[in-house]
Structure formats: C-alpha cells, structure tokens
Amino acid sequence: MNITETDCKTFYRSFGKCVLSNDRELPLKHQLWENQETMNDQAHALISTVSDTHGIPARFAELIKKHFKIICCEEFLKNEKELADKIQVIFEWEYCPTINEKLLKSLPCLKAIVNHGVGVDHLDLSLIHSFGVKVANTPHVVDNATAEMGMTLMLASARNILEGQQISTSPDTKIYPLNWYGAEVTGATLGIIGMGRIGYKVAQRAKGFDMKILYHNRNRR
C-alpha cells in the first residue's frame, strides 16, 4: 500500500478528534490532556509493532514518535515490570494489540486507547470504561476512500467488469458478446439508505454521472 505524506497528516490530525465516553463524544484534547501536568513530557504509547505489512506503517509511527515514546508489544513483554507504569496510551492498529482484562490490569496508568479505524465494535467498551480508560477513534479518515470504493463496485457491477475481464483473458473465448457491456450508469437513479458522511460523498460522486439521487435519512440534507 502506498501511503502519502498527506495520508499520514490526515491520520494524525484525526486520531485525536473524538473520545467515546459512556454517554457522549468529546474532543480528545479536553478529555485526555486536560491535566497535562500529570503526564510526562513524552508519554509512552504501546503498539503492536512497526511494519508496513502487519503493524503501524513506519510513516505513521514517525508522526506518533513526535508526541509519544513508542513501546512495541515484544519490548513490553520482556520488560513489563519496568514499563507498565509508564504506558498511558495504546494505539490499536488492525485490532492489535488485543485489548482484554489482563492487559488493562497490567497498565495502571493507562488513560486512552486509540483505534485507527472508525468502528469500535471489536472493543469491550464497558470493560475499558470500568478501568477509567477512554476510547478514541478516527472519524472521517476513510470517508472518501469508502465512497470511492462504493462507486467502483457500482460501476464494476453495472458494466460487468469482472465477468468481462474473465471472458477477455480466457483462452476459450472466441467472441466477446455485446450484451456483456452491461447497463449505463449515467443518468440512472441511485438509492442511498442513510445519508451520513459516506452516503453524502457517494451522492456527490454520483452527481458527476448525472444520476438522480433518492435517499432515506432521519434528517433532510
């Protein structure tokens, strides 16, 4: 995956925008850093590892290092007694490290868990909150990417892209039937269930195809 400098900055700006508390969402700067004097000049952050394939990509890690001393899980397991009281943040990437009761009990000074994605369904929020730890997610980071993927799938489905590729590359193909060209997207009607951030961005892109937009949402947009 090619990650641009803009991607890195967008990720870092976004990860601190929202803390999920029991009853409301608040800016992370007001929740996590409200008592800066109680924190070290550079707080320790636990991560799985630094890797472009199975951990936090190096470019993101460099941004995190500007504000945190990174501790990888392997290092933590080797020096748990020494590091346990120093770690105040966990950066979770691709569901790692696994957040469970054992880990939470081993980190008495933990203040926040930062999830790199929007969804936090994989986290036991009640358990985490019972330790006085807050959970932050990264809203908006993948809105454009998700909307683009939605448009890609719609175009691929309407135009039989997958089937066409299979026919065009098969050694058994003798002719390419015209009916495999699929349906025209331009001017078609698009229905969107839920005009949230991503739904709205899909609608913006669909307008480029002169599509008629029908949507269902609790509030008019």
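Reader: What does the side chain of Ser51 make a polar contact with?

Author: In this predicted model, the side chain of Ser51 makes a polar contact with the side chain of His54 at 3.1 Å, and another with the side chain of Thr53, also given as 3.1 Å. A polar contact here is a pair of N or O atoms within 3.5 Å, where within protein one must be able to donate a hydrogen and the other to accept it, and residues adjacent in sequence count only if both atoms are side-chain atoms.

Reader: Where does Ser51 lie, and is it buried or exposed?

Author: Ser51 lies in the loop between strand E3 (43-47) and helix H3, helices (H or I, at least four residues) and strands (E, at least two) being DSSP runs numbered from the N terminus. Ser51 counts as buried because its relative accessibility is 12%, with buried meaning under 20% relative accessible area, exposed over 50% and partly exposed in between (1.4 Å probe, protein chains only). Leaving aside neighbours within four places in sequence, Ser51 is in contact (heavy atoms within 4.5 Å) with Ile56 and Pro57.

Reader: Before we move on, how are the numbering and the cut-offs set?

Author: Residues are numbered from 1 along each chain as its sequence is written, and side-chain values use heavy atoms, with hydrogens and water left out. Since the model is predicted, local features need pLDDT of at least 70 and side-chain atom pairs count only at pLDDT 80 or more, while totals for chains, interfaces and linings use all residues.

Reader: Which residues of H3 are buried?

Author: In H3 (residues 58-65) they are Phe60, Ala61, Leu63 and Ile64. They cover an arc of only 160° around the axis, taken from the directions from the helix axis to the C-beta atoms, so they sit on the same side of H3.

Reader: And what about Ala43, buried or exposed?

Author: Ala43, in strand E3, is buried, with a relative accessible area of 4%. Not counting residues up to four places away in sequence, Ala43 touches His67, Phe68, Lys69 and Gln88.

Reader: How many residues has the largest nonpolar core?

Author: It has 18 residues, and those with the most contacts inside it include Leu46, Phe76 and Ile113; a nonpolar core is a set of buried Ala, Val, Leu, Ile, Met, Phe, Trp, Tyr and Cys residues joined through side-chain atoms within 4.5 Å. Strand E5 (87-92) and helix H6 (101-106) are the elements that give two or more residues to this core. Apart from it lies another core, of 14 residues, among them Ala61, Ile64, Ile70 and Trp93.
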